[in-house]
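Dear colleague,

Please find the structure below. My notes on what was found in it follow.

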Amino acid sequence: MPQQVRGVIAPGKNQPVRVETIVVPDPGPGEAVVKIQACGVCHTDLHYKQGGINDDFPFLLGHEAAGVVESVGAGVTDVAPGDFVILNWRAVCGQCRSCLRGRPQYCFNTHNAKQKMTLTDGTELSPALGIGAFAEKTLVAAGQCTKVDPSVSPAVAGLLGCGVMAGIGAAINTGNVGRGDSVAVIGCGGVGDAAIVGARLAGAARIIAVDIDDRKLATAKTMGATHTVNSRTDDAVEAIRALTGGNGADVVIEAVGRPETYKQAFYARDLAGTVVLVGVPTPDMKLELPLIDVFGRGGALKSSWYGDCLPSRDFPMLIDLHQQGRIDLAAFVTETIGLDDIEKAFERMHEGDVLRSVVAF
């Protein structure tokens with residue numbers, strides 16, 4: 001029987017979110033119902049609320065989540081009721097041209113639940129990133145559930161569902177940071193700090209954090225940055241070059257998503273170095289670079305989508321590293337809140353003193 005649960009929706013562009021009763025169908029073939037235990041408040045949810053993703057309102061927000069599988073539909077074999085899982089928005093199909101070439105982390109045919117969750121009046125909801133986890137329970141494709149060690153805190157585990165994985169993956173998977181490399185990270189919010197953690201984990205010798213907020217730079221130091229640059233007062237490109245023998249960094253990770261900061265990243269890398277764009281731009285943004293510089297500086301310009309992660313490979317590995325004390329995922333949890341506090345959490349994002357507010361159920 002369909003269930004009624006509490007959930008948070010964005011009713012329209014830039015309108016305050018509100019708590020509503022959500023109808024969750026029984027899982028169909030290839031689907032699962034998950035009882036949510038924790039869900040992070042991610043900047044992408046704010047983008048949905050502001051209409052920056054699309055205008056398919058109303059949205060059921062929330063996607064950075066962990067919980068327990070309650071029920072599964074026909075044909076589901078990878079997860080079972082009672083499994084503790086992190087939800088992911090890259091359900092690998094196994095059949096597209098990328099998967100068949102052995103590159104499932106770039107799956108071109110990821111999928112979501114086919115059924116729709118609704119309001120009690122039948123209004124269909126658009127789940128954020130195909131998940132919709134600001135709710136007591138949600139319906140997802142079973143492939144969006146990744147089993148991990150159930151002893152880890154749900155508030156910690158859920159963060160791998162988006163922002164922390166995006167940052168760590170930008171360094172390790174996309175940027176291929178290696179032992180002894182120099183790395184600069186521009187933008188030290190949750191994703192940027194996760195990139196710093198990833199660079200440290202990969203063995204980078206010098207990790208330069210760049211931001212306009214001294215509080216964020218102080219936090220970046222605790223995450224593993226060896227040097228900091230306040231780009232409000234100092235030229236970021238010149239500062240990064242000065243800290244790397246005049247050459248520029250081997251890998252520069254842009255975690256802001258703006259043309260101005262991308263240009264900084266482009267010119268702050270060493271010859272034949274790598275730029276990784278993990279910050280999310282808006283559709284109206286344009287980038288202009290002299291093509292001779294793109295040619296002459298060599299190297300690679302990459303975009304990192306979800307940290308180029310493969311959830312089945314990366315989530316359990318990172319949870320194990322957290323359990324071993326080699327990375328501190330708990331450091332990203334600034335506060336735990338309730339469903340009624342999500343609008344206030346969006347406001348706190350602009351204050352610069354929160355890495356992650358996490359909704360705890």
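A residue is called buried when its relative accessible area is under 20%, exposed when over 50%, and partly exposed in between (1.4 Å probe, protein chains only). This is a predicted model, in which local features need pLDDT of at least 70 and side-chain atom pairs count only at pLDDT 80 or more, while totals for chains, interfaces and linings use all residues. Residues are numbered from 1 along each chain as its sequence is written, and side-chain values use heavy atoms, with hydrogens and water left out.

Aromatic rings

Rings of Phe, Tyr and Trp (its six-membered ring) pair if their centres lie within 6.5 Å; planes under 30 degrees apart count as stacked, over 60 as edge-to-face and the rest as tilted. There are five aromatic pairs in the structure. One of them is edge-to-face, because the rings of tyrosine 48 and phenylalanine 59 have planes at 65 degrees, with centres 4.9 Å apart. This pair links distant parts of the chain, eleven residues apart: tyrosine 48 lies in helix H1 (residues 43-49) and phenylalanine 59 in strand S4 (residues 59-60). Helices (H or I, at least four residues) and strands (E, at least two) are DSSP runs, numbered from the N terminus. Phenylalanine 59 has a relative accessible area of 1%, so it is buried. Tyrosine 48, at 7%, also counts as buried. Tyr48, Phe57 and Phe59 form one aromatic cluster.

The rings of phenylalanine 266 and tyrosine 267 have planes at 90 degrees and centres 4.8 Å apart, so that pair is edge-to-face. Phenylalanine 266 is buried at 0% relative accessibility, whereas tyrosine 267 is partly exposed at 23%. The charged end of arginine 297 sits over the ring of phenylalanine 266, 5.9 Å from its centre. For this, CZ of Arg or NZ of Lys must be within 6 Å of the ring centre and within 35 degrees of the ring normal.

Helix H4

Helix H4 (residues 163-174) is largely enclosed by the rest of the structure, because ten of its twelve residues are buried. Among them are Gly163, Met165 and Thr174. After H4 comes asparagine 176, which has a positive phi, near 50 degrees.

Strands

Two strands pair if DSSP finds at least two bridges between them. Strands S1 (residues 3-10) and S2 (residues 18-24) are antiparallel and pair over seven bridges. Glycine 7 has glutamate 20 in S2 as its bridge partner. S2 also runs antiparallel to strand S7 (residues 118-119), joined by two bridges. There, isoleucine 22 is partnered by leucine 119 in S7.

Regards
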